[in-house]
Amino acid sequence: MTPTPDVRSIALDETSDPPLRPLPAGVAGLLGDLGAPPRLVAHLRAVHEVAALIVAWIGEHRPELAVDGAAVLFGAATHDIGKVLHPGELSGPGARHEEAGRELLLARGVAPGLARFAGSHASWQAPGVEVEDLLVSLADKVWKDKRVADLEDLVVAELSRAGGRPVWEEFLALDEFLTGVGAGAPRRLAWQAAHPVG
């Protein structure tokens, strides 16, 4: 039997198939301290990678859109951290992990503006949602090639507003980009599935 890699190894070690950048060291340490399940750490790392791709694409494609890239990356790296407390939601439906994750991060001294992503990543249609929240939500869908038209329309509107280009042009650009990101989904899904839930 192959031994289960530890949390920090899953979070930080170099990967080639798929290539995934490491989680931030502070997040990896927190996940290790919490005894996060391997599958959760793998999921967070895959979503974090896609969030980094999205942030980089926006920076190149629409630099006029002011995005706090560090916040997006932190949000992607911690959005499901509440599943440490609700592990049944790793393999089944449930939303208890959302507020639990936000509270867990706040209790660990994370600033409210960063802890919010754990509670908001599934609430992208709520009033007052900022572009960073939309991007964390988008990464959490697109990592597995799930396309959500209403969410993407909100991102397109932000891109169009920032750059002054017609909505249809921004839609086509985002669609092409997300299609390319989605092509890597089978490898990311296989990598996540290789890590045990418990």
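Mentor: Start with a term. A residue is buried when its relative accessible area is under 20%, exposed when it is over 50%, and partly exposed in between, using a 1.4 Å probe and protein chains only. A second term is the helix: a DSSP run of H or I with at least four residues, while a strand is a run of E with at least two, and both are numbered from the N terminus.

Some ground rules. The model is predicted, and local features need pLDDT of at least 70, side-chain atom pairs count only at pLDDT 80 or more, and totals for chains, interfaces and linings use all residues. Residues are numbered from 1 along each chain as its sequence is written, and side-chain values use heavy atoms, with hydrogens and water left out.

Now the part itself: helix α4. The buried ones are Gly-69, Ala-71, Val-72, Phe-74, Gly-75, Ala-76, Ala-77 and Thr-78. What do they pack against? Their partners are α2 (25-34), α3 (38-61), α5 (96-107), α6 (112-120) and α7 (131-142). Contact here means heavy atoms within 4.5 Å.

Look next at the start of α4. Asp-68 caps this N-terminal end, with a side-chain oxygen 3.3 Å from the backbone nitrogen of Ala-70. That brings in the polar contact: a pair of N or O atoms within 3.5 Å, where, within protein, one must be able to donate a hydrogen and the other to accept it, and residues adjacent in sequence count only if both atoms are side-chain atoms.

Take α6. Ser-120 is found in this helix. Ser-120 is buried at 14% relative accessibility. Its side chain makes a polar contact of 2.9 Å with the side chain of Asp-133. Leaving out residues up to four places away in sequence, Ser-120 touches Asp-133 and Ser-137.

Now the largest pocket. A pocket is found on a 1 Å grid over the protein atoms alone: it is an open set of points with protein on both sides within 12 Å along at least five of seven lines, while a cavity is a set where a 1.4 Å probe fits but cannot get out; lining residues have an atom within 4 Å of a point. Its volume is about 430 Å³. That volume is the space filled by probe spheres set on the points, which are joined across faces, edges and corners. The lining has 21 residues, and His-43, Asp-80, Lys-83, Asp-140 and Lys-144 lie nearest the centre. Helices α3, α5 and α7 each supply at least two lining residues. By class, the lining holds 5 nonpolar, 7 polar and 9 charged residues. Here Ala, Val, Leu, Ile, Met, Phe, Trp, Tyr, Cys and Pro count as nonpolar, Asp, Glu, Lys and Arg as charged, and the others, Gly among them, as polar.

His-43 has a partner worth a look. The side chain of Gln-192 makes a polar contact with the side chain of His-43 at 3.0 Å. Gln-192 sits in helix α10 (residues 185-193). Gln-192 is buried, at 13% relative accessible area. Not counting residues up to four places away in sequence, Gln-192 touches Arg-39, Ala-42, His-43 and Trp-143.

Charged pairs come next. A salt bridge is a side-chain nitrogen of Lys or Arg within 4 Å of a carboxyl oxygen of Asp or Glu. The structure holds 15 of them. One joins the side chains of Arg-8 and Asp-33, at 3.2 Å from N to O. Arg-8 lies in helix α1 (residues 7-12) and Asp-33 in helix α2, so this pair ties together parts 25 residues apart in sequence. Arg-8 is partly exposed at 39%, whereas Asp-33 is exposed at 53%.

Glu-49 pairs with Arg-21, their closest N and O atoms being 2.8 Å apart. Glu-49 is in helix α3 and Arg-21 in the loop between α1 and α2, 28 residues apart, which makes this a link between distant parts of the chain. Glu-49 is buried at 8% relative accessibility, and Arg-21 is partly exposed at 36%.
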